[in-house]
Amino acid sequence: MMKILDPSKFAQLPDAILFDTDNTLYAYDPAHAVAQKAVRDKVIKTFSISGDDFDSAFKEARAQVKLRLKETASSHSRLLYLQRMLEIMGLGSQVLLALDFEQTYWRTFLGNAVLFSDVKELLDDIRLLGIPTAIVTDLTAQIQFRKVVYFGLDQYFDYIVTSEEAGFDKPHEAPFQIALEKMNPKGNCIWMVGDNSINDISGARQSINAVTLQKVHAGVQVGSGPHMPDAIFEDFFQLRKLLDKLSQD
Ligand SMILES: [Mg+2]
């Protein structure tokens, strides 16, 4: 289903398209749940602790890291969460174990992350139409680049901007503006495709006046009020149809 909420925004093809990655191009929650469990099981086994001990130390570690680093890429760092968790458990920083647990997390995560159907077909369509594309994503460059390569998307996007590079997470204007500087689009009709109504939708609208398209699936909250997108879709095939229609007008 594709629901156009503001038809006036869809009178022409876009001059550039920006994409969020996590929970937009693939479902984040199932991959995260399996990966977090793998780390939890490994830590419990390594130290012969209870699940509750892990849960409370990890939760505290994550909260401390997020409080200190606020809306920056490293505030999402699994490595920092795990390092701090080991410290909270009274074990010191344990750098080798922190790296090992982090690897367990991402190896498991990627092994369970599945690209939504029609993402590659959509990106092929966009390439044929000659429209430039960029990924605008939170988190550090190392893991986000790995994800893009893992999904086989590295040849599909012209540019990527991470919040590590920008210095700020979305909805800050910096990542969006850096993307436009890199792309130098021919016109000012810029589409932003993302799942998060605050970070992606209102962030892109406020910072670069983007036309906003929200990817909706289980667990995604549709934006309302100032966070309301210009269009809502569930399936990337619907986005292909919309572009096809606009290209024929
Ligand atoms: Mg997202």
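Visitor: How far apart are the C-alpha centres of domain 1 and domain 2?
Guide: The C-alpha centres of domain 1 and domain 2 lie 30 Å apart, where the domain bounds come from an automatic or database domain assignment. This is a predicted model, in which local features need pLDDT of at least 70 and side-chain atom pairs count only at pLDDT 80 or more, while totals for chains, interfaces and linings use all residues. Residues are numbered from 1 along each chain as its sequence is written.

Visitor: And which residues belong to which domain?
Guide: In the assignment for the protein chain, domain 1 covers 2-26 + 114-248, and domain 2 covers 30-112.

Visitor: Switching to helices, how do α5 and α10 cross?
Guide: The axes of α5 (residues 119-128) and α10 (residues 236-248) come within 8 Å and cross at roughly 15°, the axes being lines fitted to C-alpha atoms, for helices over the stretch in contact, with angles running from 0 to 180 degrees between N-to-C directions. That makes α5 roughly parallel to α10, since angles under 35 degrees count as roughly parallel, over 145 as roughly antiparallel, 65 to 115 as roughly perpendicular and the rest as oblique.

Visitor: Which residues meet there?
Guide: From α5, V119, E121, L122, D125 and I126 meet F236, L239, R240 and L243 of α10, and the residues of this contact divide into 6 nonpolar, no polar and 3 charged.

Visitor: What about α2 and α3, at what angle do they cross?
Guide: The axes of α2 (residues 51-69) and α3 (residues 78-88) come within 8 Å and cross at roughly 125°, which makes α2 oblique to α3. Their contact includes A57 and F58 of α2 as well as L80 and Y81 of α3, and its residues divide into 8 nonpolar, 1 polar and 3 charged.

Visitor: OK, now the sheet: what is the strand order?
Guide: The sheet is open, has 7 strands in the order β1-β7-β6-β5-β2-β3-β4, and shows mixed pairing, where two strands pair if DSSP finds at least two bridges between them. Its edge strands are β1 (2-4) and β4 (159-162), each pairing on one side only, and neighbouring strands are turned by 20° against each other on average, direction ignored.

Visitor: In which sense do β6 and β7 pair?
Guide: Strand β6 (residues 211-215) and strand β7 (residues 231-233) pair in the parallel sense over 3 bridges, and the bridge partner of Q214 in β7 is I232.

Visitor: Last topic, where is the cis peptide bond?
Guide: A cis peptide bond joins K170 and P171, with omega about 10°, and P171 lies in the loop between α7 and α8 (173-183).

Visitor: And what is the phi of N23?
Guide: N23 is not a glycine, yet its phi is positive, about 65°, and N23 is placed in the loop between β2 (16-19) and α1 (28-47). Most residues other than glycine have a negative phi, and most peptide bonds are trans.

Note on methods
Helix = DSSP H or I, 4+ residues; strand = E, 2+ residues; numbered from the N terminus. Contact = placed C-beta atoms within 7 Å. Nonpolar A, V, L, I, M, F, W, Y, C, P; charged D, E, K, R; others polar.
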